[in-house]
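Here is a briefing on one protein model. It covers a cavity, a sheet and a helix pair.

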Amino acid sequence: MAAGGKSFLADAGYGEQELDANSALMELDKGLRSGKLGEQCEAVVRFPRLFQKYPFPILINSAFLKLADVFRVGNNFLRLCVLKVTQQSEKHLEKILNVDEFVKRVFSVIHSNDPVARAITLRMLGSMASIIPERKNAHHSIRQSLDSHDNVEVEAAIFAAANFSAQSKDFAAGICNKISEMIQGLATPVDLKLKLIPILQHMHHDASLASSSRQLLQQLVTSYPSTKMVIVTLHTFTLLAASSLVDIPKQVQLLLQYLKNDPRKAVKRLAIQDLKLLANKMPHTWSRENIQALCESALHTPYDSLKLGMLSVLSTLSGTIAIKQYFSSAPGAAATTARSFDLVKLAQECCYHNNRGIAAHGVRILTNISASCQEKDLLPLEQDAVFGLESLLVLCSQDDSPGAQATLKITLTCMVKLVKCRPHLSQSVVESLLTQLHSAQDAARILMCHCLAAIAMQLPVLADGMLGDLMELYKVIGQSTTDKKQELLVSLATVIFVSSQKALSSEIKTVIKQQLENASNGWTAYRIARQASRMGNHDMARELYQSLLTQVASEHFYFWLNSLKEFSHAEQCLTGLQEDNYSSALSCIAEALKSYHKGIASLTAASTPLNPLSFQCGFVKLRIDLLQAFSQLICTCNSLKTSPPPAIATTIAMTSGNDLQRCGRISNQMKLSMEEFRNLAVRYGDLYQSSFDADSATLRNVELQQQSCLLISHAIEALILDPESANFQEYSSNGAAPVESEYERRMMSVFNHVLEEVESLNRKYAPVSYLHTACLCSAVIALLKVPLSFQRYFFQKLQSTSIKLALSPSPRNPAEPIAVQNNQQLALKVEGVVQHGSKPGLFRKIQSVCLNVSSVLQSKSGQDYKIPIDNMTNEMEQRVEPHNDYFSTQFLLNFVILGTHNITVESSVIDSNGIVWKTGPKTTIFVKSLEDPYSQQVRLQQQQGQPPSQQQQQRTAYSRF
């Protein structure tokens with residue numbers, strides 16, 4: 001379960017005893033020195049694990065030097081093992097500090113008499129090309145080995161040449177003629193030519209090199225018409241064009257020409273594969289004529305496999321800008337109707353094709369056209385798309401083969417896309433899905449439930465009548481005994497929760513609980529409870545969590561479930577709020593807070609060092625503080641009745657010049673309340689910034705909580721504290737961003753309603769009247785009546801990113817300070833490694849890391865001289881871009897004042913959109929600034945040469961400063 005999910009760093013041990021970096025390296029070194037070949041090989045192949053666990057340069061440098069020694073003196077099998085380790089650990093190569101020494105040890109083997117040893121060395125050099133791209137001796141060895149008479153060595157030289165060409169412009173320019181001579185030479189065997197040609201794909205470093213390579217490839221395509229040669233040459237041609245970018249339109253035309261004119265199926269298939277690559281990479285370079293030519297080829301080909309390939313290219317293009325160009329740049333576009341376009345004809349023809357894959361691409365093209373082209377004459381295509389989707393749905397839902405499931409996924413994705421941009425089609429799409437659910441296979445039912453939930457999240461289209469159908473189906477599934485049953489129970493329950501957004505009727509709850517008791521395991525019940533918490537059905541969630549408490553194996557899981565039960569109970573208390581009954585509102589909030597406090601105690605007990613639940617604790621603490629602030633605000637509003645302004649309030653207001661004093665103590669209380677809400681909004685902002693790994697729905701949820709705090713603080717200011725300068729323009733919603741969930745939809749409608757109320761009251765009545773306090777209390781109750789949604793990140797972490805910092809110099813003992821003389825600067829080197837979980841970059845990727853270094857004087861030693869302010873502290877910031885998840889930079893720090901300084905290094909992350917995330921970590925070291933010996937000597941001499949009275953005077957003069 002979520003609470004006990006192991007941290008992604010925990011699996012680095014694989015059950016081995018934990019060792020520090022040095023001990024681990026010593027252990028492997030012992031294996032390398034062993035006399036037994038088996039033990040040496042075992043030690044070599046364990047190095048990649050060591051690099052993964054301790055990815056800092058100091059260890060990696062030592063380890064690679066040891067491996068280079070093994071490579072130099074070992075036999076060919078050991079060399080092969082070292083080669084494999086080097087290839088596996090490619091991203092750590094740039095951390096080698098003594099590159100020259102490493103290369104020298106490896107390179108010595110190139111002079112061996114054994115061609116296999118030379119071949120392994122060449123492959124080793126090729127694998128290291130990223131760190132030694134311009135080594136001339138390596139370039140020379142590769143050139144020489146290309147002329148070898150040993151096939152193994154030549155193949156290794158080709159591998160090395162390809163790798164060096166990709167990295168080095170000089171090498172690519174130098175080797176290009178050699179490669180072309182060998183390819184065109186009659187003495188070179190054909191199988192060698194086939195291996196040499198792909199090297200040309202790396203000749204993209206400048207325009208002239210790319211151009212000469214294209215000419216050579218053009219000659220090869222015409223000179224060698226055999227199937228294998230044409231396939232290899234065309235593919236190299238495509239990869240070269242994709243890298244050099246300038247020749248893509250020409251390449252598309254060339255491939256289309258081969259697709260149309262070459263009779264060989266293998267060549268046509270290769271052309272289609274390359275066209276797909278170019279369609280993905282550069283869709284905007286496709287002209288209308290290119291798409292038209294592809295449509296004609298697809299219309300005329302008799303082979304289904306080729307038609308399928310061409311349609312997959314067209315369906316890729318239909319989701320991009322290319323489709324708009326196709327329709328807008330049509331000759332006489334005004335005169336032609338949509339259905340007369342070849343692309344549309346092709347898609348309509350394929351929608352009902354007996355090959356599922358072709359039909360899927362056909363409906364995908366129609367869906368994409370309907371979604372991206374809003375022209376009037378293209379509107380009839382909507383119905384064609386819907387009919388095509390419905391027929392595919394019927395076909396695929398009856399079949400549980402993997403092919404049918406893949407097609408069904410495409411169909412359902414198209415349905416969601418179509419409904420999103422054409423809401424008026426939602427009713428018919430949902431009805432066809434519900435009708436089909438009864439007769440479908442279980443695997444298809446799960447996918448269809450996901451689709452229904454996605455549609456219902458966007459548009460509340462599932463009416464009560466449809467709920468009846470779903471409940472019937474739920475009963476049927478509960479009695480079935482298939483292996484997909486558990487998954488299906490969760491999917492169907494999700495659809496039911498989404499569709500009955502307001503509240504679950506007792507009948508629905510009874511049915512769900514009954515089926516869970518009869519049929520499910522604890523994990524299914526937990527997943528359904530989790531979905532109920534996400535959808536705001538907290539009473540259902542509470543009952544399910546309660547039933548699971550006794551079914552878990554560990555204390556941490558028990559506390560986790562208990563905390564979820566308490567949070568659900570707390571949110572359930574808030575559903576009893578009534579519009580105008582403020583005293584009952586206070587008791588509801590108090591009841592909710594009681595449960596929340598129990599829950600947070602339980603949640604703290606559920607956390608472990610590997611899984612500290614920091615987001616969950618932060619979110620819940622903020623919710624508790626928000627509820628307390630709401631409660632305080634209602635009490636403050638009530639205080640207008642219980643403690644009205646005194647009779648002399650007007651006089652006090654006139655003498656102080658502050659008009660708000662007329663209202664008595666409520667004005668100060670409102671001011672405090674407004675500050676409290678602003679402070680909460682800042683804290684929600686901090687929580688948002690620290691949640692780099694959260695999914696977008698969770699972040700949106702945190703943002704909505706923040707906006708509710710800002711809304712209330714704005715309402716207090718606009719109604720009571722400063723009605724004159726209240727500005728409603730910046731708060732008005734500009735309906736640009738689409739609403740993703742029912743929770744967001746309801747929150748936004750509450751925001752808009754509250755703003756309208758505040759705006760209508762603003763400046764009509766002098767503050768503070770009962771109308772103002774009633775408006776604020778109503779706003780609080782309206783916000784609390786929307787059931788809180790606990791989003792995915794609260795339960796599940798799909799992306800995991802952390803940064804590990806290493807500072808040098810660093811003391812042996814963390815509490816020990818580093819000694820620095822006060823006339824010198826300390827060069828602080830900060831190295832870092834970015835560590836990922838199983839799905840790196842799922843929601844956002846790290847663009848750069850921002851390092852902030854600051855120092856604070858902790859304790860002074862010696863005399864208190866007058867020092868310029870600039871020298872008192874160090875405050876520096878640097879941004880570094882990680883390469884292969886590693887970064888390093890240096891800071892120069894001044895410590896002029898004698899004493900102990902505390903240096904803090906804090907890292908934050910900047911994603912690809914330029915947003916800063918405060919992910920941490922924070923590392924601290926201590927520095928002791930000592931007086932330099934020369935100054936100390938001069939000072940002592942001065943002190944000894946002066947009479948005691950003067951010395952005393954001097955000291956008192958300094959102490960005055």
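**Cavity, sheet and helix pair**

Helix H32 gives the largest share of the lining of the second largest cavity, three residues. The model is predicted: local features need pLDDT of at least 70, side-chain atom pairs count only at pLDDT 80 or more, and totals for chains, interfaces and linings use all residues. Residues are numbered from 1 along each chain as its sequence is written, and side-chain values use heavy atoms, without hydrogens and water.

**The cavity**

- Three cavities of 30 Å³ or more are counted. A cavity is a set of points, on a 1 Å grid over the protein atoms alone, where a 1.4 Å probe fits but cannot get out.
- Volume here is the space filled by probe spheres set on the points, with grid points joined across faces, edges and corners.
- Its lining residues (those with an atom within 4 Å of a point) include Arg 623, Leu 626, Phe 630, Tyr 743 and Met 747.
- At least two lining residues come from each of H32 (614-642), H35 (696-721), H36 (742-761) and H37 (770-785). Helices are DSSP runs of H or I, at least four residues, and strands are runs of E, at least two; both are numbered from the N terminus.
- By class, the lining of the second largest cavity has eight nonpolar residues, two polar and one charged. Nonpolar means Ala, Val, Leu, Ile, Met, Phe, Trp, Tyr, Cys and Pro; charged means Asp, Glu, Lys and Arg; the others, Gly among them, are polar.

**The sheet**

- Three strands make an open, antiparallel sheet in the order S1-S3-S6. Strands pair if DSSP finds at least two bridges between them.
- S1 (801-808) and S6 (886-894) are the edge strands, each with a single partner, so one side of each has no neighbour in the sheet.
- From one strand to the next, the twist averages 25°.
- Eight bridges pair S1 with S3 (residues 825-836). Ala 806 has Glu 831 in S3 as its bridge partner.
- S3 and S6 are joined by nine bridges. Lys 829 is opposite Gln 890 in S6.

**The helix pair**

- H5 (residues 76-88) packs on H7 (residues 115-127) at about 10°, with axes 10 Å apart. Axes are lines fitted to C-alpha atoms, for helices over the stretch in contact; angles run from 0 to 180 degrees between N-to-C directions.
- H5 and H7 are therefore roughly parallel (an angle under 35 degrees).
- The crossing of H5 past H7 is left-handed: the near helix is turned anticlockwise from the far one by less than a right angle.

Definitions and conventions. On a 1 Å grid over the protein atoms alone, a cavity is a set of points where a 1.4 Å probe fits but cannot get out, and a pocket is an open set with protein on both sides within 12 Å along at least five of seven lines; lining residues have an atom within 4 Å of a point. Angles under 35 degrees count as roughly parallel, over 145 as roughly antiparallel, 65 to 115 as roughly perpendicular and the rest as oblique.
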